[in-house]
Every structure is written in structure tokens, then in C-alpha cells.
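Let's read this model together, feature by feature. Have the coordinates open and follow along.

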Amino acid sequence: KERGTTEDVLRRQNEILMRALAARTAELNKIQDSHVNTVTEREQAVQRKIDETVKMNLELEKGYDDLNSQAKDLTKQVQTVVQERKRLEQRLEGLRNGKE
């Protein structure tokens with residue numbers, strides 16, 4: 001009978017230890033899941049910021065290209081006005097010289 005009793009005690013202790021192990025494993029799994037979720041949320045936040053930055057850079061590049069194009073157009077207009085002024089000054093000089 002003692003042998004059966006010792007085996008019963010060992011069996012109960014084993015069951016208690018197995019339940020404690022299962023509970024601790026479940027607790028550790030929850031902690032791990034929480035950490036994974038936190039890391040995933042951070043990764044997603046960083047990815048959103050990267051996406052926003054890339055989009056903003058593309059918009060800035062387009063804006064720069066538009067401004068550069070406008071600057072080129074204005075430069076051409078200024079050159080045209082300068083050429084026209086020179087032509088008018090030469091014509092005016094010619095008229096003055098013709099009258100004198």
C-alpha cells in the first residue's frame with residue numbers, strides 16, 4: 001500500500017507541476033504575443049512614416065520641376081524683352097542719327 005501511496009503522491013505532484021508549467025507557458029506566450037504586437041505596431045508606424053516621407057519627397061520633386069520649368073520660361077521671356085529693348089534702342093539710335 002505504501003508503494004501505491006508514494007506513486008499517488010508522485011502522480012499528484014507531477015500533475016501539479018504540469019499545471020503550473022502549462023500556466024507559466026500560457027503567461028509567457030501572452031507576454032511574447034504582447035511584445036510581438038508592440039513591435040508590429042512600431043514597424044507599421046515606421047512604415048507609414050516612410051511612405052508619407054516618400055510621398056512628400058515626390059511632391060517636392062514635382063514642385064521643384066514645376067518651379068524650374070517656370071524659371072526657364074521666365075528666363076526666355078526676359079531674354080526676349082532684353083532683345084526687343086536692344087532692337088528698339090538701336091532703332092531709336094538710328095532715328096536720332098538720321099535726324100541729326
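This is a predicted model: local features need pLDDT of at least 70, side-chain atom pairs count only at pLDDT 80 or more; totals for chains, interfaces and linings use all residues.

Q: What kind of contact does Glu 27 form with Arg 24?

A: The general idea is a salt bridge: a side-chain nitrogen of Lys or Arg within 4 Å of a carboxyl oxygen of Asp or Glu. Glu 27 and Arg 24 form one, with their closest N and O atoms 2.9 Å apart.

Q: Is Glu 27 buried, partly exposed or exposed?

A: Relative accessible area decides this: under 20% is buried, over 50% is exposed, and partly exposed is in between (1.4 Å probe, protein chains only). Glu 27 counts as partly exposed because its relative accessibility is 40%.

Q: How many salt bridges does the rule give?

A: The count comes to six. Among them is the bridge between Arg 87 and Glu 84, whose closest N and O atoms are 2.4 Å apart. These two residues both lie in helix α1, three residues apart, or about one turn. Arg 87 is partly exposed at 41%, and Glu 84 is partly exposed at 35%.

Q: Which residue meets Arg 85 in a salt bridge?

A: That is Glu 89, at 2.9 Å from N to O. Arg 85 and Glu 89 are four residues apart in helix α1, so about one helical turn separates them. Arg 85 counts as exposed because its relative accessibility is 56%, while Glu 89 is partly exposed at 41%.

Q: Which residues form a nonpolar patch on the surface?

A: Patches are made of residues with over 30% relative accessible area and no salt bridge; like charges are joined within 9 Å, and nonpolar side chains (Val, Leu, Ile, Met, Phe, Trp, Tyr) within 5 Å. Areas come from the Shrake-Rupley method with a 1.4 Å probe, and for residues only the protein chains shown count as cover. In this model, Val 46, Ile 50, Val 54 and Leu 58 form such a patch, with about 350 Å² of accessible area together. Leu 58 sits in helix α1, which covers residues 2–99, and Leu 58 is exposed because its relative accessible area is 53%.

Q: What does the whole chain look like in numbers?

A: The chain has one helix and zero strands. Its C-alpha atoms fill a box of roughly 145 × 10 × 10 Å along the principal axes. The radius of gyration, taken over C-alpha atoms, is compared with a globule rule of 2.2 Å times the number of residues to the power 0.38. The chain has 43 Å, whereas a compact globule of 100 residues would have a value near 13 Å.

Q: What share of the 100 residues counts as buried?

A: The share is 0%. The accessible surface of the chain comes to about 9800 Å², with 55% of it belonging to carbon and sulfur atoms.

Note on methods. Residues are numbered from 1 along each chain as its sequence is written. Side-chain values use heavy atoms; hydrogens and water are left out.
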